[in-house]
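Hi everyone, thanks for coming.

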Amino acid sequence: MKNSLKTLFLFVALLLPGAHAHAHVGSADVYYEGNAGPYPLFVTVRMPEVVPGVAKIEVRSASPDVHSVNIVLLRLTGPGSKLPSTPDVALRSKQDPQFFVSELWFMEYGGLQARIEVDGAKGKAQLSVPIASFPRQQQPMAPWMRVMGAVMLLGLTLSLVPITAGIAREGTLPPGEALQPANRRNARIATVLTLLATGWAIYSARGLWNEEDAVYARNVDLLKPPRVEATLRDGNRLVLRLASPLLLPVAGKGRETVPVNLEEVIPDHGYLMHVFLVGMPGMDKVWHLHFDRAEGGAFSKQLPAMPAGEYQIFADVVDKSGYPWTLLGKVKLPAIAGTAPVGDDSRWEGARYAAPSSAVAVAPLPGGGRMVWERPAGPLQANVGTSFKFRVEEADGSPARDLEPYMGMAAHMVALRSDLSVFAHVHTNGSVPMAALDLAQDGLRASSDASDATGMAHHHHASLPASFSIPYGVPSAGDYRFFIQIKRSGQVQTAAFDAKVQ
Amino acid sequence: MSATDTVSIAPSLESRSLASVSERAIAISWTIWLAFTGIVVFRIGSMVDVAWHKSVGRDEFWTPGHSTMALGGLLFGLAGLFEIIKATRAGASERHDGSARIMGMYGPVGAFLLVWANLAMLFSSPFDDWWHKTYGLDLKFVTPPHLLLMIGWFTGQAGALFWLASAINRSTGVMRERLGRMFVIVAAIHLMFLPTLGLVGRSTLHTASCYLAVALVIPASMIATGRASRLRWGCTLVGAAYMGIIIASIWILPLFPAQPKLGPVYQQVTHLIPPQFPLLFIVPGFLADLFLQRTESRSSWLKALLIGPAFVLGLMAVQWPFGDFLMSPASRNWIFGTAYLPYYEPAVNPWQFKVLEKSTGAFVMTLAGALAISVLTTRFGLAWGEWMRRLRR
């Protein structure tokens, strides 16, 4: 009996489906610094690991006159972007009255927005933060949970058998009467039928479970950074084409997907596709190029002069729903004969990544100037939203006076982990793509009369201050290289900083 | 058992003398009441839960619906447990006589099912929680933890029906009638649970598939429980109770304010959204009772051959024109509630009939299938009803 129990136990435990584990990909949390009308806010969206799931939205107000913060989640575009649900009232921190936290259910995949309504001494104001919602991983079932599940399933199965046998044996037996052989036969039939039925039920549930598990794993895969194939044409034209069609899964709709057409991407900072070609190993070279549409949904670019070598490709696009995709690829290039990058295109070459030994953070810039990273004391912490503060100096140490907006922003930053598992393209207003932000602001203007309620930090001044800050939180511990790009006197300049993140 | 205790059931006529019955205070045992209350409370909880999902959307562990369901499950689980403890400790007694011996314990078979149902439902809760953490909040109903909950709930209903049926079968007169009425309520709750009813909505009332979905399960349940209630108009009453419960919820649920807390929102919602207007089961129930009374001495197959098609066609005769009414503006009021739409329904036109059968031929074939199946499900219902009429423990 003991052995057969053990066998049955193992059998039931085996019926529970196996778990898939996926590596953490990229940088899912959203960091954003912007203004809701008169109130400057720092917004952090801590994305759930699984979607549908709960995200934590943290709002820090720089001004002390904010009384309340309400947050509501909408789609970024299309149906579902108009009617808001009841806003969630963010909880105000007791220790820090300028800090508000809200927990919101993210039910869908794709381009969403968090609409933040602020009420304070200067009246009401709104801000919309675009968010890319996607499931990241599946958690395997904890061993104790597997054991408990097996025990319960076994207990329920084994106790149901004597109950149904009892019903068949004695249910219709008049009170006081003795059991007849027919009653016992009925009990045996009931035992067999119950075992068959429970076996069938467990088997079907297992099928259902496996299917659900497979669908979820597929959704996680579909929303991982897609692969591009890179081919060199005519000696110097690089063509990027998706390795497989882009599909956006629909949460809760099984294997249903919505095709994403890369011919319909929307411009981000005035460009359809931002491509970063990173020299490997060591991240010692970076080209930031802007690709144009080519035939059949592909993108291409006449390459500038480049040395031969292996390059990692990170290509950023925003689809028409406002969902950002980073396409990944690799390419081995021969030496390319060409001109220097022109316009907003840029290049940087320097030393290979080296773990920094001290907190000194000064990077040289072309023309004798330099960029200083005003690092706070102590190591960088993973998953902590901070302002990366930088200062640009002339060769003589005076603040630079010739900074211009680079594609609409004071600066662009690329955070790259040395194993390339993290890539994030962020700006002075955070980690949200400008194209998605524009969509969010359009929605905000449509929904309210306060058309000036924009969080966008447009910098259209002739010359910008020499200091700027970039809100971001590094998603995981490891070795990172940060590329900071600015524009001075019409020329794009890049500085690189290395840091170890704990 | 002390002298002041009420007897759980009156002794059966077969084994006890009529005189001894009248000498005792005949009252329904509190454990039966507790089980009955548990079933009703669970049903109220699940109706509130469904309304919550249609109007508020956001799911938490302790929503009003979930809490009420948990309470209901606990009540009927405890009812079964108390009855088993009482019967097992009773020694030689009527309670003991009316018990089955299962795993060394004594009790009505229904009580064992109720305890098992409660355990299955209890276990489904942490399982469901894990499911949400692993695959996200479920956007669809059929998941393994929900299936376990459903199996538990189904077993609970069966447990209550069996327990009540055995009590009915061992009682007489007023007692039998009272138990019969309780049985009818549980039967109506059971009817609401049946799976294919989920496929039947207002927009399908002019399809043959709708009547096929009804024929697949409803005659079996309604005829079995109507018969086992031992009431003259059992099937009619089950149909009436089913309609009454749903209509009451249409009138009561919208009194509670509610707002969507989950996006995207497609419909403006300001209060709990009730279910759609019930199917007019009172009519086929009445026809079934009528036929059953007229064919008492005939074979079960002949009964099934008459009652099944009468059931489906009778329903269709009233439901088809009533469907037109439900689609008309005249029904968009608090009485019929056809203007209540869940927040997540991006309905282009919610008052339009669906066409499921592409041709007249397909319609006729589907309807013929419904009629044929109704004979089989009616026959099954008759057999199941007869079995419940024989239950004694």
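Let's start in chain B, where Pro260(B) sits in the loop between helix H9 (234-252) and helix H10 (282-294). When I say helix, I mean a DSSP run of H or I with at least four residues, a strand is a run of E with at least two, and both are numbered from the N terminus. What we have here is a predicted model, where local features need pLDDT of at least 70, side-chain atom pairs count only at pLDDT 80 or more, and totals for chains, interfaces and linings use all residues. Residues are numbered from 1 along each chain as its sequence is written, while chains are lettered from A and ligands numbered from 1 in the order in which they are written.

So, is Pro260(B) buried or exposed? Pro260(B) is buried because 26 other C-beta atoms lie within 10 Å; the cut-off for buried is 20 or more, exposed is 12 or fewer, partly exposed is in between, and C-beta atoms are placed from the backbone. Leaving aside neighbours within four places in sequence, its contacts include Ser85(A) and Thr86(A) from chain A, plus Val265(B) and Tyr343(B). Contact means C-beta atoms, placed from the backbone, within 7 Å. Now look for Ser300(B): it is 40 residues from Pro260(B) along the chain, and their C-alpha atoms are separated by 51 Å.

On to where the chains meet. Here 43 residues of chain A are in contact with 43 residues of chain B. Strand S4 (66-75), helix H2 (143-170) and helix H3 (181-222) of chain A each supply at least two residues of chain A's side, and H2(A) gives the largest share, 11 residues.

Next, the strands. Chain A has an open sheet of five strands, in the order S1-S2-S3-S7-S6, with antiparallel pairing. To count as a pair, two strands need at least two bridges found by DSSP. Strand S1 (30-36) and strand S6 (91-92) of chain A are the edges, each pairing on one side only. Further in, eight bridges join S3(A) to S7(A), and Lys56(A) stands opposite Glu103(A) in S7(A).

Ala230(A) stands opposite Leu240(A) in S11(A).

Note on methods: Contact = placed C-beta atoms within 7 Å.
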